[in-house]
Amino acid sequence: MTVAPAPAPQPVLRLSGISKSFPGVRALSDVQLELFAGQVTALIGENGAGKSTIVKVLTGIYQPDAGVIEVDGKAVQFATADAAAKAGVTAIHQETVLFDELTVAENIFIGHAPRGRFGLIDWAEMEAQSRALLTRIGADLDPRLTLRELGIASKHLVAIARALSIDARVVIMDEPTAALSHKEIHELYELVERLKAEGKAILFISHKFDEVFRIADRYTVFRDGAFIGAGAMSDVTEGQLVQMMVGRSVDQIFPKRAHNIGAPVLTVSGYSHPTEFEDIGFTLHQGEILGFYGLVGAGRSEVMQSLFGITRPSKGACRIGDSVAVIRSTAEAIGQGIVYVPEDRGRQGAVKGLPIFQNVTLPSLGRISRGGFLRMAEEFALARDYTRRLDLRAASLDQDVGLLSGGNQQKVVIAKWLATKPRVIILDEPTKGIDIGSKAAVHEFMAELAGEGLAVIMVSSEIPEILGMSDRVIVMREGRIAAELTGSAMTPERLVRAAAGIAEAA
Amino acid sequence: MSDSTHHTARLIPDRLTSPLARALRSWEALLIVVAVAVFAINSFASPYFLNAWNLSDATFNFTEKAMIAFAMAMLIIAGEIDLSVASIIALASTAMGIAMTAGFDTPMLVAVGIGTGVLCGALNGFFVARLGLPSIVVTIGTMSLFRGISTIVLGDEAFTGYPKSFAWFGQGYVWWVFSFELVLFAVLAVGFYVLLHRTNFGRSVYAIGNNPTAALFSGIRVGRVRFILFLMTGLMSGIAAVCLTSRLGSTRPSIATGMELEVVTMVVLGGVNILGGSGTIPGVVLAAIIMGLVTFGFGLLNVPGIVMSIFLGLLLISVIAVPRLIRRWGK
């Protein structure tokens, strides 16, 4: 055990012996967690380690099967989300849970708006208090704007202002930087420092190690729903944390593979869309991994979705093999052998309310049926094949996909597409929000697929991933192709310059 | 080192619970208990209940509604709804009345009735699946539209004097106590069971109801499936219109008023999630039988209709609330 720095103060919040099970899944078993005033505690663990579950226990959404929650040394129960909020625990989620149609001020004060005469809401007071809160966190936002008009970073600020408005003592930040730009991330760090100075206890959940070392004072590691270790950040190295997190050492080297690049599979020329992209052209070969790099909003996903038949290009042609392909719907794209693993897994990738086997076979229904009638035995056989190939972790194939961890949901989505025996697979940010272990597995798997002759397109915003995995990189900027880099030209510097539109250094 | 990402593939079992265990815990099991209870209470309460011909008569209380309820169940599972079904019956029945007045005989009348239903369904489907309008708004609109056209045509009058051969659909018997409607109900129940639970189409319906975006991203032709579902609801309303008109032997302005809510009640009582995504045909069949038995039992006891609707309302709420309360208190 490492000794906490300074004379160990009493934690604001202490969880001990917490267990929580769901049908077929033991999400948490006997875990502990301590949060201290004025300190940032990083919660580290792979997908499926139990991070989201502990957040839900902390915010009163789940009731633990066993264990004690103490606030200031007194045992409490968070029977409802409201009880947790009253005890001063508030969470800022990955996808902010706010109301798009309400104003900034209403979002901050919903549920506890200042009251005036006759118990009516005192709008002027609410606006004034909102302004004060926003100023306190250094956010330059008009409280009268509706949330719809704001970007994701500003929404985070509103969520934080809301946390302050209920005088939260414990602030949980669940991957707050996942959707933010570089500049916005730095502003968030400053804000976290400010919250620390105000004496808040902060639980910071993140996959990014640089971030954790930059901002956290303490760490707690979970693995497979169990508590592994905790201590001060100053006493631990990145390697040790990774070791604790995965229970094995993972080297960050990308899989080596034979480069057997074959004939062109997909040729796109002059693809244009009135608002999203213009004059996109490239050729994708058999056995190739083609990387698409760019800043958020560069139009990469939009190009991919038009290749997959979601949106239709206004101009341009697409050839698959030697023949011209007209793709007007996703069904036609799949028929042509083009499949797409979307970035937004929860909304576009997985059907969470359906069991695993039905998710896997969804685009392949024609193959597991005769004359439109399903063959259950064939359906299970297909699902079994591909889930095994991806090393899926689940209690049974009949389990709803929504009960799986993010990494395993991604495996189901990839399995679903491989089962269609595609020629081209497009992966849009395939490792976003996935822990190191699953990430390496996805990379390994992509290399394997390319090795088998599949043509792979990978859209990614992570430079090491793009450079480590791709044979060739296309950089997009503002809807156009800004550069195509191969071989020794594939350097981080050139990628960033092309994406940002900065001229090559002489 | 790199082998650290290669785990030995673990075998995942297909299912954890046996089909029997799941069946026992299902909504349908609860409905069977309710159905048996209603049957038993009716047998004690009235000496006339346990009689083959009386029971056969009782089936007319639910057969027409159930036909529509099967199609409605699929529509609701897919996350849509059709509130215009009763008005489709009115319009289809009116169309048959016009055709009858024009001198057409039974086969043509049936074709007109069913055809009108299909056209109405196509109109709903066009608005929802092609134009992307919300189905609840569209079908509240067409509910007024179809009923309005029917009322204008009929005024205070009624079409009567349907040909004798036409009466068979609503009054005829296939064998012994088994009426044409009852046999049709059974055939449709099996047909819809297979369609929803054993075909690609049925699977698409569940996928769309759970997550239409992911369904679209999985290559399912979401718009086409939705259109077909509205077409089917229209078709079933047309068939129900033929049966009902034949049984009543007339078309009056008040025909099938309020039936859309009874159909939706039947579907929800059958365990279909009103928000879409889940539900089964056996559940709807059981709900239909329960509603039919309750109506019939109350009829035998001379209970007024309004008490009947109060009871059905309570039954619906309690059947939905009780399992949820048990789960909450059980902890």
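Predicted model: local features only at pLDDT ≥ 70, side-chain atom pairs only at ≥ 80, totals over all residues.
Asp471(A) is located in the loop that runs between helix 16 (463-469) and strand 21 (472-477) of chain A. When neighbours within four places in sequence are left aside, Asp471(A) is in contact with His259(A), Ile261(A), Glu288(A), Ile289(A) and Leu290(A). A separation of 17 Å was computed between the C-alpha atoms of Asp471(A) and Val442(A), which are 29 residues apart along the chain.

Taken along the principal axes, the box filled by the C-alpha atoms of chain A is roughly 70 × 50 × 50 Å. Of the 506 residues in chain A, 48% are buried. Among the contacts in chain A that join residues at least 6 apart in sequence, 68% are between residues at least 24 apart.

Two packed helices are described by the angle between their axes and the distance between the axes. In chain A, helix 4 (residues 123-136) packs against helix 5 (residues 152-165) at an angle of about 110°, and their axes are 9 Å apart. Helix 4 of chain A is therefore roughly perpendicular to helix 5 of chain A, since angles of 65 to 115 degrees are counted in that class. The crossing of these two helices of chain A is right-handed. Helix 4 of chain A contributes Ser130(A), Leu133(A), Leu134(A) and Arg136(A) to the contact, while helix 5 of chain A contributes Ala161(A), Leu164(A) and Ser165(A). By class, the residues of this contact comprise four nonpolar, two polar and one charged.

In chain B, helix 4 (residues 63-77) and helix 14 (residues 281-300) pack at an angle of about 150°, with 10 Å between their axes. Because angles over 145 degrees count as roughly antiparallel, helix 4 of chain B is roughly antiparallel to helix 14 of chain B. The crossing of helix 4 and helix 14 of chain B is right-handed. Lys65(B), Ala66(B), Ala69(B), Phe70(B) and Ala73(B) of helix 4 of chain B meet Ile281(B), Val284(B) and Ala288(B) of helix 14 of chain B, and the contact has seven nonpolar residues, no polar residues and one charged residue.

Ala69(B), which is located in helix 4 of chain B, counts as buried because 34 C-beta neighbours lie inside 10 Å. Apart from residues up to four places away in sequence, Ala69(B) touches Val263(B), Met266(B), Val267(B), Val284(B) and Ala288(B). Although Ala69(B) and Gly270(B) are 201 residues apart along the chain, their C-alpha atoms are separated by 9.6 Å.

Between the two chains, 29 residues of chain B are in contact with 41 residues of chain A. Helix 10 (200-210) and helix 11 (212-216) of chain B each supply at least two residues of the side of chain B that touches chain A, and helix 10 of chain B gives the most, with six residues. The residues on this side of chain B divide into 12 nonpolar, 12 polar and five charged.

Terms used:
Residues numbered from 1 in each chain as written. Chains lettered and ligands numbered in written order. Contact = placed C-beta atoms within 7 Å. Helix = DSSP H or I, 4+ residues; strand = E, 2+ residues; numbered from the N terminus. Nonpolar A, V, L, I, M, F, W, Y, C, P; charged D, E, K, R; others polar. Buried ≥ 20, exposed ≤ 12 C-beta atoms within 10 Å, placed from the backbone. Axes fitted to C-alpha atoms, helices over the stretch in contact; angles between N-to-C directions. Parallel < 35°, antiparallel > 145°, perpendicular 65-115°, else oblique. Left-handed = near helix turned anticlockwise from the far one by under 90°.
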